[in-house]
Amino acid sequence: MLSEKAFKIPESVLVVIHTPRLDVLLLERAGQDLWQSVTGSREPDDPDLEATARRELLEETGLSQGTLADWRLINRYEIWAQWQSRYAPGVTHNVEHVYGFTVPEPVLATLDPSEHTNQLWLPWQEAMEKTFSPTNRDAIWQLQRRVLRHTGDT
């Protein structure tokens, strides 16, 4: 029996892990000098995008204790050439749903070394500068606006 290649679903989550003081956790991709927040594609078994976000948080960091918030922010971007083969022929764009995950203070994540080899907590401004993805930079920039809005500061 021939096995069919399982292509990634072109719908994903981006989860910005942060503290109330706006420190942000970044993860370094294995084999690359690229830093990012938690990201991952929706799986066929995921009942909804919140389940995808929680699954990816657990898989990539081991974190489950915290507050997950759907930012209702959606990005659509072209899939980079080096990752195109992971998707079905003809699929050129991905739809990314942004979430925030608040933890009370910086914590040590449990990394899967096949995905990430290092972690770093940084103030939001430094995290924004260090991440390679434009949509990840934008999400981190949005973080400070969201937290200030919820605390009543201007």
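Helices here are DSSP runs of H or I with at least four residues, and strands are runs of E with at least two, both numbered from the N terminus; the expected span of a helix is 1.5 Å times one less than its number of residues. This is a predicted model, in which local features need pLDDT of at least 70 and side-chain atom pairs count only at pLDDT 80 or more, while totals for chains, interfaces and linings use all residues. Residues are numbered from 1 along each chain as its sequence is written, and side-chain values use heavy atoms, with hydrogens and water left out.

After α1 comes Gly62, with a positive phi near 80°.

Now to the rings, which pair if the centres of Phe, Tyr or Trp rings (for Trp, the six-membered ring) lie within 6.5 Å, with planes under 30 degrees apart counted as stacked, over 60 as edge-to-face and the rest as tilted. The structure holds 2 aromatic pairs. Trp80 and Trp83 are stacked, at 5.4 Å centre to centre and 15° between the planes. The ring centres of Trp80 and Phe132 are 5.5 Å apart with planes at 70°, so this pair is edge-to-face, and it links distant parts of the chain, 52 residues apart. Together, Trp80, Trp83 and Phe132 form one aromatic cluster.
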